[in-house]
Amino acid sequence: MAVLRVSGTLDLVTGDALQLAVRRSLAVQPTHLLLDVADLRVGDPLALAALGTVICETAEWPSIPIVLCGCDPRTYAMISAYPDCAGLRYAPSCAAALAEAGTAPTPPKIRVRLRPVPDACRQVRQLVSQACTAWHRAELTATASLIATELVANVVRHAHTTMEFTLGLQGGRLSMTVRDGSRRLPRPVDTTPSDAGGRGLQLVRDLTEAWGVLPVPDGKVVWTRLTSA
């Protein structure tokens, strides 16, 4: 679980800083994100748009519960009235939220750091194959291995930075993410049979239930999700 303590006045300037901090916290995929807002004052209600934006863009992934802890009545009234913040949960304190969240089982997850070298593709295929077998999801091995290879190869070819590959299983869904240090966002392109390359993200798009990109201050996270048949 991650705890982010927020204090001071929330306005149009600090709202952007809060959005970046929340994105950064969600990018590491905790089981819960607790926002300690006991010392926060909402100076400009328009600044809640920044928080609402990150809630909307992370609703599909990582779809992690964001819990506001220690809201005073005025702050609670302003945030709960903002439509895009409807997905937030509330707790009287971080201690109470930690105690409640700690009773839930932790879903299995594997995280490794890889260098941007061609052999990283072989390493990630082996890891995915072993995890699918251990998690009794052998039917996803071939597809998941192909998607993981494309995600990692994209970093090797274009980002040229150290990457963090995460594989997780929750609710029957297999998720794979690659975080790298490049802020260049990937985009699928339409190719023809005569094109030598460019099909990687097309495969990711066609073979996954859902995929997307979460920009973070030091790069990006490309995420995918697969569901067992």
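Analyst: Let's start with the term itself: a nonpolar core is a set of buried Ala, Val, Leu, Ile, Met, Phe, Trp, Tyr and Cys residues joined through side-chain atoms within 4.5 Å. Keep in mind that this is a predicted model. In soluble globular proteins, nonpolar side chains tend to be buried together.

Here, the largest core is made of 30 residues. Val128, Val152, Phe165, Leu167, Leu174 and Met176 have the most contacts inside it. Which elements give two or more residues to this core? They are the helices α5 (119-134), α6 (141-159) and α7 (200-207), plus the strands β6 (163-170), β7 (173-180) and β9 (219-227). The top contributor is α6, with nine residues.

Let's zoom in on Met176. Leaving out residues up to four places away in sequence, Met176 touches Val128, Ala144, Ile147, Ala148, Leu151, Phe165, Thr166, Leu167, Val222, Trp223, Thr224 and Leu226.

Now for α6 itself. Of its 19 residues, 14 are buried, so the helix is largely enclosed by the rest of the structure. Just after α6 comes His160, with a positive phi of about 60 degrees.

Next, the strands. Five of them make an open sheet in the order β5-β6-β7-β9-β8, and the pairing is antiparallel. At the edges stand β5 (109-114) and β8 (210-216); each has a single partner strand, so one side of each has no neighbour in the sheet. From one strand to the next, the twist averages 15 degrees. Six bridges link β5 and β6 in the antiparallel sense, and Arg111 has Thr166 in β6 as its bridge partner. Thr166 is also one of the residues that Met176 touches.

In one, the ring centres of Trp61 and Trp223 are 6.1 Å apart with planes at 10 degrees, so the pair is stacked. Trp61 sits in the loop between α2 (48-57) and β3, while Trp223 is in strand β9, so the pair ties together parts that are 162 residues apart in sequence. Are these two buried or exposed? Both Trp61 and Trp223 are buried.

The other pair is Tyr76 with Tyr90, and it is edge-to-face: 4.8 Å centre to centre, with 75 degrees between the planes. Tyr76 belongs to helix α3 (residues 73-80) and Tyr90 to strand β4, so this pair ties together parts that are 14 residues apart in sequence. Tyr76 is partly exposed, with a relative accessible area of 41%, and Tyr90 is partly exposed too, at 31%.

What about the rest? There's a second, separate core of 24 residues, including Leu18, Val37, Leu51 and Met78. There's also an open sheet of four strands in the order β1-β2-β3-β4, with parallel pairing. Its edges are β1 (2-10) and β4 (89-91), and each has a single partner strand, so one side of each is left without a neighbour in the sheet. The twist in this sheet averages 30 degrees from one strand to the next. Inside it, β2 (residues 33-42) and β3 (residues 66-69) are joined by four bridges, and Leu34 has Val67 in β3 as its bridge partner. Helix α1 (residues 12-27) lies across β1, β2 and β3, running at about 180 degrees to β1.

Notes
Residues numbered from 1 in each chain as written. Predicted model: local features only at pLDDT ≥ 70, side-chain atom pairs only at ≥ 80, totals over all residues. Heavy atoms only, no water. Buried < 20%, exposed > 50% of the residue type's maximum accessible area, 1.4 Å probe, protein only. Contact = heavy atoms within 4.5 Å. Pairing = 2+ DSSP bridges. Axes fitted to C-alpha atoms, helices over the stretch in contact; angles between N-to-C directions. Phe/Tyr/Trp six-rings, centres within 6.5 Å; stacked < 30°, edge-to-face > 60°.
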